[in-house]
Amino acid sequence: MRLGCLPGVLISALLITGCASEPAGQDVAQADALPVPPLGNVEYHTYVLANELFANLRPARQARYAVTGFVPADTMRFNREHQHPLMMLGHQLEQGMITEATKRGYTTQEFTLTNDIIMSEDSDRVLSRDIEQLSDIERVDYYITGTLVMQQAGAVVNARVINARNKDIVAAATRFFPAELFWEEERVTDRQGRLYRTADKG
């Protein structure tokens with residue numbers, strides 16, 4: 001059917017519909033502005049952090065990367081006695097960054113790999129933190145790590161990629177991780193290193 005044979009009202013409707021169509025190439029940054037349910041979305045925040053960290057970086061040919069834990073900026077070590085709601089965030093970021101780096105083509109080293117399969121009555125595993133059980137670490141060219149600055153409402157995560165030989169920081173990124181990532185039913189506050197929870201009355 002030729003366009004000239006269509007009623008004027010229908011032609012106008014078609015033109016309006018065509019003009020209202022969104023352009024094909026939308027800005028990827030808009031995805032970060034979308035509302036995201038907090039609980040269970042550590043992966044989402046890690047993904048966005050990784051996007052910024054690796055934005056201007058490409059996997060170096062034959063280079064090996066080691067991803068280590070993210071630690072509090074003030075002590076530079078994990079404290080299992082600390083009661084902040086995001087106290088396990090450093091471990092989760094380590095595991096998440098291994099996944100994100102590998103998906104982007106970076107060859108990551110698993111330095112917690114043991115020499116043999118460890119068997120017990122109820123499980124078997126190949127990962128350990130016992131130095132005597134670990135295999136030799138291969139050459140590491142870059143470290144992927146970061147620090148956490150704890151706040152009452154969450155934690156500021158500062159990630160970086162470091163050249164292992166000259167200690168140059170070749171990439172860096174920062175993102176805020178809200179405390180509600182691990183707590184949703186109750187309202188959580190952190191006062192002087194101690195955790196307080198109260199029922200959220202909405």
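Two strands count as paired if DSSP finds at least two bridges between them. Keep that in mind as you explore this predicted model, where Ile162 stands opposite Ile169 in β7. The protein chain contains 3 helices and 9 strands, and 30% of its 202 residues are buried. Let's take a friendly tour, one topic at a time.

**The chain as a whole**

- Starting at the N terminus, the elements follow the order α-α-β-α-β-β-β-β-β-β-β-β.
- Among contacts in the chain with a separation of 6 or more, 59% are between residues 24 or more positions apart.
- The accessible surface of the chain is about 13,900 Å², and carbon and sulfur atoms account for 53% of that.

**The sheet**

- Strands of a sheet pair through backbone hydrogen bonds, in either a parallel or an antiparallel way.
- Here, 5 strands make an open sheet with mixed pairing, in the order β2-β1-β5-β6-β7.
- The edges belong to β2 (107–109) and β7 (169–178); each has a single partner strand, so one side of each has no neighbour in the sheet.
- From one strand to the next, the twist averages 25 degrees.

**Parallel pairs**

- β1 and β2 are parallel and share 3 bridges; Ala66 has Gln109 in β2 as its bridge partner.
- β1 and β5 also pair in the parallel sense, over 6 bridges, and Val67 is partnered by Ile144 in β5.

**Antiparallel pairs**

- Strand β5 (residues 142–151) runs antiparallel to β6 (residues 154–163), and 10 bridges join them.
- Thr147 finds its bridge partner in β6, namely Asn158.
- β6 and β7 pair in the antiparallel sense over 9 bridges.
- These two strands, β6 and β7, form a hairpin with 5 residues between them, and Lys167 in the turn has a positive phi of about 65 degrees.

**Helices on the sheet**

- Helix α2 (residues 42–53) lies across β5, β6 and β7, and runs at about 155 degrees to β7.
- Helix α3 (residues 89–103) packs on the sheet and touches β1 (64–72), β2, β5, β6 and β7; the angle between its direction and that of β1 is about 155 degrees.

**Salt bridges**

- Side chains of opposite charge can pair when their charged atoms come close.
- The structure has 4 salt bridges.
- One of them joins Glu100 to Lys103, with the closest N and O atoms 3.7 Å apart.
- Because they are 3 residues apart in helix α3, about one helical turn separates Glu100 and Lys103.
- Glu100 counts as buried because its relative accessibility is 7%, under the 20% cut-off, whereas Lys103 is exposed at 60%.
- Glu100, Lys103 and Arg104 are linked in a network of salt bridges.
- Asp141 forms a salt bridge with Arg139, where the closest N and O atoms are 3.0 Å apart.
- Asp141 is buried, with a relative accessible area of 10%, while Arg139 is partly exposed at 41%.
- Asp141 also meets Arg165 in a salt bridge, at 3.8 Å from N to O.
- That pair links distant parts of the chain, 24 residues apart: Arg165 is in the loop between β6 and β7, and Asp141 is in the loop between β4 (124–127) and β5.
- Arg165 counts as exposed, with 68% relative accessibility.

- Phe182 sits in the loop between β7 and β8 (186–191) and counts as partly exposed at 33% relative accessibility.

Technical notes:
Residues numbered from 1 in each chain as written. Predicted model: local features only at pLDDT ≥ 70, side-chain atom pairs only at ≥ 80, totals over all residues. Heavy atoms only, no water. Helix = DSSP H or I, 4+ residues; strand = E, 2+ residues; numbered from the N terminus. Axes fitted to C-alpha atoms, helices over the stretch in contact; angles between N-to-C directions. Contact = heavy atoms within 4.5 Å. Buried < 20%, exposed > 50% of the residue type's maximum accessible area, 1.4 Å probe, protein only. Areas by Shrake-Rupley, 256 points an atom, 1.4 Å probe, with all protein chains shown as cover. Salt bridge = Lys/Arg side-chain N within 4 Å of Asp/Glu carboxyl O.
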